[in-house]
Amino acid sequence: MSAVSSAPKAIRPDRKKKSRHLYNAVGLLTFVVMIFPVYWLIISALRPNAEIRSYDQTLWPSSITFDNFSRAMDQAHFATAVKSSLIICVTAVAGAMLMATIAAYAIGRFRFAGRKLFMIVLILVQLLPPTAMLIPIYLQLNDLGALNEYWGVIVIYLVSTLPFATWMIRGFVINIPKELEESAMVDGCSQMGAFWRVVFPLLAPGLAAASIYSLINAWNEYLLAYIVLQDNDKYTLNVWLANFTTSRGVDYGALMAASTLIAIPVVAFFMVIQKKMAAGLTSGAVKG
């Protein structure tokens, strides 16, 4: 009796081609659905106000104007909101990256009692929604005199991004051979000297991936900043945008223009570090 071949049948080329076209169509549809709100935001920022309020909407404006951007930047407290957001976000991200790097190095290189439990706690902390901790955070900041202060919001943003950033950077630390540090210490470096001179420069992809995550969280956060900051001259851009009104009501053209301007810094930062971020998301996920 002849043996029956158990090899799988080859997929016909035309069937593979149809599957590829189907996946491409689904991917294109998904892209259009996701990008359309961003497109509509930018187009609305370039439309005249009369056209925005019109019932006859089109996918492309009949005329393009930049007056909306001028009115948005001329609104009260816009400059102070930009300053507040930059101070809070840059300080929080820089502090979180520094602390997360040191913590990740300690977790990845040293063995100590409670190490695994500490790593589990890092993940569990991320499962807690910020709104569930809003009242305890408010009470603690009130006791510390941090309400309506920049450093109160900075501490919140730093602590909220620290667990995930630590866990992410740890994946890069364990992928760096210990022999590099040992060679540096043989040449006269201390443990921390070897870390800063050898390990830290190699963590650039991990720092890029963690920093963009931290920046997006801090830049887009609204609720905690609204609760902690109480003066108009200390509002961040998101809080300022939520209170965007004029003497004649809501200027929708200027509102869309302000929303577009707020998104530019994060997009620019992402474009600068996108190559390092892509490498970070892949190389830090696998040990070896």
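Visitor: Does one call N148 buried or exposed, and on what basis?

Guide: In this predicted model, N148 counts as buried because its relative accessibility is 13%, and buried means under 20%. N148 is placed in the loop between helix 6 and helix 7.

Visitor: How many helices and strands does the protein chain have?

Guide: There are 13 helices and zero strands in the protein chain. Written along the sequence, the pattern is α-α-α-α-α-α-α-α-α-α-α-α-α. Of the 288 residues in the chain, 36% are buried.

Visitor: How many salt bridges does the structure hold?

Guide: In general, side chains of opposite charge can pair when their charged atoms come close. This structure holds three salt bridges. In one of them, E51 pairs with R47, and the closest N and O atoms are 2.8 Å apart. Both E51 and R47 are buried.

Visitor: Which residue forms a salt bridge with R109, and what does the pair tie together?

Guide: The partner of R109 is E181, with 2.4 Å between the closest N and O atoms. R109 lies in helix 4 and E181 in helix 8 (residues 178–186), so the pair ties together parts that are 72 residues apart in sequence. R109 counts as buried at 10% relative accessibility, and E181 is buried as well, with a relative accessible area of 2%.

Visitor: Which residue pairs with E149?

Guide: E149 forms a salt bridge with K234, the closest N and O atoms lying 3.9 Å apart. This pair links distant parts of the chain, 85 residues apart: E149 is in the loop between helix 6 (134–144) and helix 7 (150–173), while K234 is in the loop between helix 11 (223–228) and helix 12. E149 counts as partly exposed, at 31% relative accessibility.

Visitor: How many cavities of 30 Å³ or more are found in the whole structure?

Guide: A cavity is a space where a probe fits but cannot get out. The search of the whole structure finds one of 30 Å³ or more. The largest cavity holds about 50 Å³ of space. Its lining is formed by S85, I88, C89, Y157, A218, W219, E221, T236, L237 and N238. Helix 4 (78–109), helix 10 (204–220) and helix 12 (237–242) are the elements that give two or more residues to this lining. Helix 4 gives the most, with three residues. By class, the lining has six nonpolar, three polar and one charged residues.

Visitor: How much space lies in the largest pocket, and which residues lie nearest its centre?

Guide: A pocket, in contrast to a cavity, is open. The largest pocket here contains about 540 Å³ of space. It is lined by 22 residues, and M133, I137, I156, V159 and S160 lie nearest its centre. The elements giving two or more residues to this lining are helix 5 (115–126), helix 6, helix 7, helix 10 and helix 11. Helix 7 supplies the largest share, five residues. The lining residues divide into 16 nonpolar, five polar and one charged.

Visitor: Which residues make the nonpolar surface patch?

Guide: L28, F31, V32, I35, V38 and I42 make this patch of about 520 Å². One of these residues, I42, lies in helix 1 (residues 13–46). I42 is partly exposed, with a relative accessible area of 38%.

Note on methods: Residues are numbered from 1 along each chain as its sequence is written. This is a predicted model: local features need pLDDT of at least 70, side-chain atom pairs count only at pLDDT 80 or more; totals for chains, interfaces and linings use all residues. Side-chain values use heavy atoms; hydrogens and water are left out. Patches are made of residues with over 30% relative accessible area and no salt bridge: like charges are joined within 9 Å, nonpolar side chains (Val, Leu, Ile, Met, Phe, Trp, Tyr) within 5 Å. Accessible areas come from the Shrake-Rupley method with a 1.4 Å probe; for residues, only the protein chains shown count as cover. A salt bridge is a side-chain nitrogen of Lys or Arg within 4 Å of a carboxyl oxygen of Asp or Glu. Helices (H or I, at least four residues) and strands (E, at least two) are DSSP runs, numbered from the N terminus. Buried means under 20% relative accessible area, exposed over 50%, partly exposed in between (1.4 Å probe, protein chains only). On a 1 Å grid over the protein atoms alone, a cavity is a set of points where a 1.4 Å probe fits but cannot get out, and a pocket is an open set with protein on both sides within 12 Å along at least five of seven lines; lining residues have an atom within 4 Å of a point. Grid points are joined across faces, edges and corners, and a volume is the space filled by probe spheres set on the points. Ala, Val, Leu, Ile, Met, Phe, Trp, Tyr, Cys and Pro count as nonpolar, Asp, Glu, Lys and Arg as charged, and the others, Gly among them, as polar.
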